[in-house]
Amino acid sequence: MSAVAKHEMVKNWIRQYLKEFGEYTGTFEELANLTKTSSYLVKKAINELEEEGFLTAESKRGKGLTLKLKDKESEEITVQKKTTEETEPKKEEEIKQEKKKRKISLQDEVLSSLLGKDITVFLVSGTRLEGKLLDFDNFTLSMTAPKGRSLVYKHAIATIIYG
């Protein structure tokens, strides 16, 4: 089965699950096991479903993942909030605080964009590692290596080069 077909299968599985139960709470790895695919494909499918407006995803590193089916009532409330926000100008401080609440850490943002891509990692010891980034968490990176897979602790990393 091709990667595109698996990706669509994961999206369909998540749609069905949320239509039936309304919410999923667990981890990316558990969801990958349920869908019999990789956590990379699961993350990609969740991002696309979130962009399509089908679900809301809340991921807390080390504490799991919550997926919720978006309902029309919450969308209507959001639209109402936007119209009231447009009529009432916000103070700059309030806007900055909202951005801080929504902002994902730069590290997570960059590493998420690099999933499945070639990277070069230089360790504090000077060792150079090259491979594809498979997954990451708060403390480690999982990547391919010439002799298999590597689990690299972040505290040992000096620089990550990508392009």
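These legends accompany close-up views of a predicted model.

**View 1. Strand β3 has a strand partner on either hand: β1 and β2 both pair with β3.**
Begin with β1, residues 23-26, which pairs with β3, residues 64-69, in the antiparallel sense over 4 bridges. To find your place along this pairing, look for Thr25, whose bridge partner in β3 is Thr66. Now turn to β2, residues 55-60: 6 bridges join β2 to β3, and these two strands also run antiparallel. A handy landmark here is Ala57, which stands opposite Leu67 in β3.

**View 2. The largest nonpolar core brings together 15 residues.**
Ile14, Leu31, Ile46, Leu55 and Leu67 are the members that touch the most other members of this core. Two or more residues come from each of the helices α1 (3-21), α2 (28-35) and α3 (39-51), and from strand β3. Helix α3 gives the most, with 4 residues. As a general point, nonpolar side chains in soluble globular proteins tend to be buried together.

**View 3. Helices α2 and α3 cross at roughly 100°.**
The axes of α2 and α3 come within 8 Å. Angles of 65 to 115 degrees count as roughly perpendicular, and α2 and α3 are therefore roughly perpendicular to each other. Where the helices meet, α2 brings Phe28, Leu31, Ala32 and Thr35, while α3 brings Ser39, Val42, Lys43 and Ile46.

**View 4. Lys43, a residue of helix α3, is shown with its contacts.**
Is Lys43 buried or exposed? Buried means under 20% relative accessible area, and Lys43, at 10% relative accessibility, therefore counts as buried. Leaving aside neighbours within four places in sequence, Lys43 is in contact with Phe28, Leu115, Asp135 and Phe136.

**View 5. Five strands form an open sheet in the order β7-β6-β5-β4-β8, with antiparallel pairing.**
At the edges are β7 (148-153) and β8, each of which pairs on one side only. Neighbouring strands are turned by 45° against each other on average, direction ignored. Helix α6 packs on the sheet, touching β4, β5, β6 and β8. The direction of α6 makes about 100° with that of β5.

**View 6. Helix α6, residues 106-114, has Asp108, Leu111 and Leu114 buried.**
Why do these three residues lie on the same side of α6? They cover an arc of only 130° around the axis, which puts them on the same side of the helix. What covers the buried residues of α6 includes β4 (118-123), β5 (128-136), β6 (140-145) and β8 (157-162). Following α6 is Gly116, whose phi is positive, near 80°.

**View 7. Thr140 sits in strand β6 and stands opposite Tyr153 in β7.**
The two strands, β6 and β7, run antiparallel and are joined by 6 bridges. Thr140 is buried, with a relative accessible area of 11%. Which residues does Thr140 touch, not counting those up to four places away in sequence? They are Leu151, Val152, Tyr153 and Lys154.

**View 8. Thr120 belongs to strand β4 and is buried.**
The relative accessible area of Thr120 is 15%. Not counting residues up to four places away in sequence, Thr120 touches Arg128, Leu129 and Glu130, along with Thr159, Ile160 and Ile161. For a sense of scale, Thr120 and Leu133 are 13 residues apart in sequence and 9.4 Å apart in space, C-alpha to C-alpha.

Note on methods
Residues are numbered from 1 along each chain as its sequence is written. This is a predicted model: local features need pLDDT of at least 70, side-chain atom pairs count only at pLDDT 80 or more; totals for chains, interfaces and linings use all residues. Side-chain values use heavy atoms; hydrogens and water are left out. Two strands pair if DSSP finds at least two bridges between them. A nonpolar core is a set of buried Ala, Val, Leu, Ile, Met, Phe, Trp, Tyr and Cys residues joined through side-chain atoms within 4.5 Å. Buried means under 20% relative accessible area, exposed over 50%, partly exposed in between (1.4 Å probe, protein chains only). The arc is that of the directions from the helix axis to the C-beta atoms. Contact means heavy atoms within 4.5 Å. Axes are lines fitted to C-alpha atoms, for helices over the stretch in contact, and angles run from 0 to 180 degrees between N-to-C directions. Angles under 35 degrees count as roughly parallel, over 145 as roughly antiparallel, 65 to 115 as roughly perpendicular and the rest as oblique.
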